[in-house]
Amino acid sequence: MSYTLTENHYVSCLLCPKVCKINDGDCGDCGIRFNKSGKLDLPYYGILSAINIDPVEKKPLYHFFPGSLILSAGFYGCSFHCPFCQNFQISQEKPALNSQKYVSPENLIDLVGKNSLSSVAFTYSEPLVHFEYILKASKIARQNKIKTVLVTNGYINKKPAKELLPFIDALNIDLKAFTESFYSTELGGSLRPVLDFITEAASSSHVEITTLVIPGKNDSDKEIKEIARFIASVDSNIPLHLSAYYPSFHYTDHATPESTIERLVKSAHEYLPFVYPGNTVHLDNNTYCTNCGSLLVKRQGFKITQEGIKKGKCSNCGKEVPFKL
Ligand code: SF4
């Protein structure tokens with residue numbers, strides 16, 4: 001149970017570190033979790049904003065069944081309010097409920113098999129604020145040998161995280177910056193719980209990290225090196241995706257130049273062997289063997305060839321590759 005009812009008819013939501021006290025008829029900061037006559041109400045349970053079949057690289061996950069397709073479901077709402085959100089139409093806005101189609105967890109997992117797929121992703125907006133739905137769907141997926149993926153801001157309290165993670169196979173977690181001030185002033189959250197969640201998730205599931213690099217906000221070598229050093233302290237095989245920002249929502253500043261991403265990829269490489277540029281056209285996002293430098297996985301857009309990997313090892317030198325295959 002991830003919420004409690006207080007004596008004053010508040011619902012105290014304990015799901016994420018915001019711990020909202022929600023008045024009767026009101027919703028929490030994520031806009032998704034309501035107080036209806038003193039009880040937690042989830043009117044957006046199973047209301048999907050989008051459902052698509054995507055390449056797994058689009059999540060982005062580069063070391064998790066490369067080249068595979070994944071059923072991708074999105075919801076509405078988010079526990080953060082990033083002024084640069086690239087998906088603000090579904091994270092910060094909600095449609096009228098009667099205009100939306102409900103998809104049950106059972107039906108969603110059914111769709112995975114019907115489309116001859118073997119994995120499902122909860123993505124596009126923040127899935128963790130739909131904890132009850134993704135927990136149920138993930139348990140059904142596990143019973144049916146279907147893999148589960150979360151694309152998330154990692155903002156969740158420890159107790160619900162421990163309940164959910166055993167049913168999650170892979171995560172891409174946003175690490176949006178490495179300062180508490182950025183998390184509090186820009187996003188309306190805090191950094192420490194995200195770092196704790198990354199550490200917890202990496203102990204049980206495949207994890208990749210994404211940092212959206214924004215000019216003048218988090219694009220210093222110092223900050224990216226701190227991010228890379230932290231990730232290496234958890235597990236140096238965790239891939240880091242450094243994605244270029246494009247003007248969106250309240251941010252109108254120019255897009256991140258590819259030269260900035262190129263420079264920061266090099267900085268992060270001081271601590272991590274697997275650092276990839278994202279949202280760029282001309283930069284190399286292939287994977288090379290850390291032992292002999294041979295090409296393991298070639299990526300051209302979403303066209304993937306992995307001829308450099310044979311039975312989980314570099315086909316040139318035999319070094320094991322840290323991929324889920
Ligand atoms: S999940 Fe939503 S309602 Fe619950 S504490 Fe977080 S922001 Fe508040």
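This is a predicted model: local features need pLDDT of at least 70, side-chain atom pairs count only at pLDDT 80 or more; totals for chains, interfaces and linings use all residues.
Residues are numbered from 1 along each chain as its sequence is written. Local features need pLDDT of at least 70 and side-chain atom pairs pLDDT 80 or more, totals for chains, interfaces and linings use all residues, and side-chain values use heavy atoms, without hydrogens and water.

View 1. A cavity here is a set of points, on a 1 Å grid over the protein atoms alone, where a 1.4 Å probe fits but cannot get out. Of its 15 lining residues, Cys13, Cys16, Cys30, Arg33 and Val129 lie nearest the centre; lining residues have an atom within 4 Å of a point. The lining has ten nonpolar, two polar and three charged residues (nonpolar: Ala, Val, Leu, Ile, Met, Phe, Trp, Tyr, Cys and Pro; charged: Asp, Glu, Lys and Arg; polar: the others, Gly among them).

**View 2. Eight side-by-side names to look for: Ile32, Leu42, Tyr44, Tyr45, His130, Phe131, Glu132 and Tyr133 line the second largest cavity.** This cavity has a volume of about 40 Å³. Its lining divides into six nonpolar residues, one polar and one charged.

**View 3. Helix H3 spans residues 131-143.** Helices are DSSP runs of H or I with at least four residues, strands are E runs of at least two, and both are numbered from the N terminus. With 13 residues, H3 reaches 18 Å from first to last C-alpha, close to the 18 Å expected (1.5 Å times one less than its number of residues). Buried, meaning under 20% relative accessible area with a 1.4 Å probe and protein chains only, are Phe131, Tyr133, Ile134, Leu135, Ala137, Ser138, Ile140 and Ala141. These residues pack against helix H2 (105-114), strand S8 (119-123), strand S9 (147-152) and helix H4 (158-164). Just after H3, look for Lys145, which has a positive phi of about 60 degrees.

**View 4. Gly46 sits in the loop between strand S5 (39-41) and strand S6 (50-55).** Gly46 is buried, with a relative accessible area of 0%. Beyond its neighbours within four places in sequence, Gly46 is in contact with Lys101, Tyr102, Val103 and Tyr133, contact meaning heavy atoms within 4.5 Å.

Notes. On a 1 Å grid over the protein atoms alone, a cavity is a set of points where a 1.4 Å probe fits but cannot get out, and a pocket is an open set with protein on both sides within 12 Å along at least five of seven lines; lining residues have an atom within 4 Å of a point. Grid points are joined across faces, edges and corners, and a volume is the space filled by probe spheres set on the points. Buried means under 20% relative accessible area, exposed over 50%, partly exposed in between (1.4 Å probe, protein chains only).
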